[in-house]
Amino acid sequence: MLFSSRLSNHQARKKYIFFFLQLGGVHHVARSSSASSCQTTKMGVSSYPLLEKWQQSHDSWLLRFGLPTDQKFLGTDPMLPTCISVHHDSSLLDKDNNEVGLLKKSYSPISHPATERTFDLLVKAYTPVPGGGVGDAICNLQVGQSLVGKLKAERLVHGSPLIGKRWNRIGLVAGGTGIAPLIQLARIILEDPTDDTQVYLLSINRNEHDILMRKEIDQLAKDHPNRLNVSYSLTGKNVRSDWEGYIGRGSVDMAKNALPPPSSSDGKTTMIFVCGTDGFRDMWAGPIARAPPLPDGSKGPKVQGDLLGVLKEAGYEASDVFKY
C-alpha cells in the first residue's frame with residue numbers, strides 16, 4: 001500500500017525538509033525531520049517541494065508534496081474537496097514558433113483534505129505538445145524540486161461545496177486519471193464515521209494493468225465493506241477470459257448495475273459524479289457548457305449544461321449528476 005486510508009498512519013510517515021528549486025531546476029536535497037520548507041509568494045501562488053514519488057503505471061506517478069510553513073491543510077476546510085492550479089513556465093513553441101510561456105493545469109489531490117502538512121497528486125505524463133506539458137513536467141520532478149501553483153476556489157456542486165452527509169448515495173464514474181478527484185470525494189465520505197452515505201465507484205480503464213490506484217481502491221472497499229461498492233470496466237482488446245468486471249466504455253446496463261438508482265426511483269437522494277477526458281464525460285453525461293462572456297470580454301464561467309448520454313438514457317435527471 002502506497003497510501004493508507006487511515007490518516008494517523010499517513011501522518012506517522014517519516015517526513016523530510018528539502019532545499020529546492022522550481023520546475024526544471026537542479027536537484028539539491030537535504031534531509032531533516034519536518035516537511036515545512038515551502039514558501040508562499042504573492043497573489044496566493046506557493047511553492048510545494050516534492051517529498052516522495054512512486055510510479056503508478058508506465059506513464060503516471062503518485063507524488064507527495066509539502067505545504068508552506070503556515071499551512072496545516074491544503075484547503076481552507078478539511079472536509080471540503082481541494083483543487084490546485086499548477087503553473088509551469090513552458091519552453092515549448094506554438095504552431096507559429098512563438099514561446100508558449102506560462103501554462104496552467106488543475107489537479108485534484110487524491111489525499112483526504114484533512115491530511116496535515118502534505119498532499120498527494122496522481123499525474124499522467126502526457127507527451128509535451130504546444131499548449132501542454134504540465135503533467136510531464138510534474139512527473140519529471142526530482143525529490144527536492146518544487147511544484148508551483150495556487151489553490152483554486154471551492155467547487156460548487158449544484159450550489160454548495162459540501163459533499164458529506166448531503167445525499168443518501170453517490171456514484172463515482174471515473175475514466176483513467178479521472179479517478180483522482182473522485183477518490184478524494186470517497187475518502188471524505190467514507191472516513192467520516194458519522195456519515196452513512198453509500199458510495200458506488202466505477203473505474204473504467206483501457207487494460208487491467210492500467211487501472212490506477214487499484215490497490216488503494218480495493219483497500220478502501222475492505223475498510224468499508226458495507227458502504228463502498230467497487231466495479232471495474234476494461235475497454236482494451238485483450239481482456240483475459242476470466243475477467244470478472246465489465247467490458248466497455250459505458251452503457252445503460254453498466255450504469256444500472258454498477259451505480260445507485262436515480263433519486264426518482266425510490267425517494268432516496270442520489271448524486272452521480274463523472275470525471276475523465278472530455279470525450280468520456282460527454283459520452284456519459286454530455287458536455288460542460290459556458291455562461292455568456294463577462295463584461296470585460298473574458299470567458300464566462302463553466303456551467304453544467306444539459307444532461308445527455310448514458311446517464312440520461314439510464315433515467316437520471318440533471319439534478320442527479322455533476323460533471324467534473
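Me: What makes R169 and D266 a salt bridge?
Reply: In this predicted model, the closest N and O atoms of R169 and D266 are 2.7 Å apart. A salt bridge needs a side-chain nitrogen of Lys or Arg within 4 Å of a carboxyl oxygen of Asp or Glu, so the pair of R169 and D266 at 2.7 Å is called a salt bridge.

Me: Which parts does the pair of R169 and D266 tie together?
Reply: R169 lies in strand β8 (residues 169-175), and D266 lies in the loop between α5 (252-258) and β12 (270-275), so the pair ties together parts that are 97 residues apart in sequence.

Me: Why does R169 count as buried?
Reply: The relative accessibility of R169 is 8%. Buried means under 20%, so R169 is buried.

Me: How do you know whether D266 is buried, partly exposed or exposed?
Reply: D266 has 41% relative accessibility. Exposed would need over 50% and buried under 20%, so D266 counts as partly exposed.

Me: How many salt bridges does the structure hold?
Reply: There are 12 salt bridges. Among them is the one between R281 and D282, at 3.1 Å from N to O. R281 is buried at 9% relative accessibility, whereas D282 is partly exposed at 29%.

Me: Why is the count of disulfides zero?
Reply: A disulfide requires two cysteine sulfur atoms within 2.5 Å. By this rule the count comes to zero. For C83, the nearest cysteine sulfur is that of C275, 9.6 Å away. That distance is beyond the cut-off, so C83 is in no disulfide. For C275, the nearest cysteine sulfur is that of C83, and C275 is in no disulfide either. C83 is buried, with a relative accessible area of 10%, and C275 is buried at 11%.

Me: Why is K299 called exposed?
Reply: Its relative accessible area is 64%. Exposed means over 50%, so K299 is exposed. K299 is found in the loop between β13 (289-290) and β14 (302-303).

Me: Which residues form a positive surface patch with K299?
Reply: K152, R155, R290 and K302 form the patch together with K299. Lys and Arg count as positive, so this patch of Lys and Arg residues is called positive.

Key: Residues are numbered from 1 along each chain as its sequence is written. This is a predicted model: local features need pLDDT of at least 70, side-chain atom pairs count only at pLDDT 80 or more; totals for chains, interfaces and linings use all residues. Side-chain values use heavy atoms; hydrogens and water are left out. Patches are made of residues with over 30% relative accessible area and no salt bridge: like charges are joined within 9 Å, nonpolar side chains (Val, Leu, Ile, Met, Phe, Trp, Tyr) within 5 Å. Accessible areas come from the Shrake-Rupley method with a 1.4 Å probe; for residues, only the protein chains shown count as cover. The place of a charge is taken as NZ of Lys, CZ of Arg, CG of Asp or CD of Glu. Helices (H or I, at least four residues) and strands (E, at least two) are DSSP runs, numbered from the N terminus. Buried means under 20% relative accessible area, exposed over 50%, partly exposed in between (1.4 Å probe, protein chains only).
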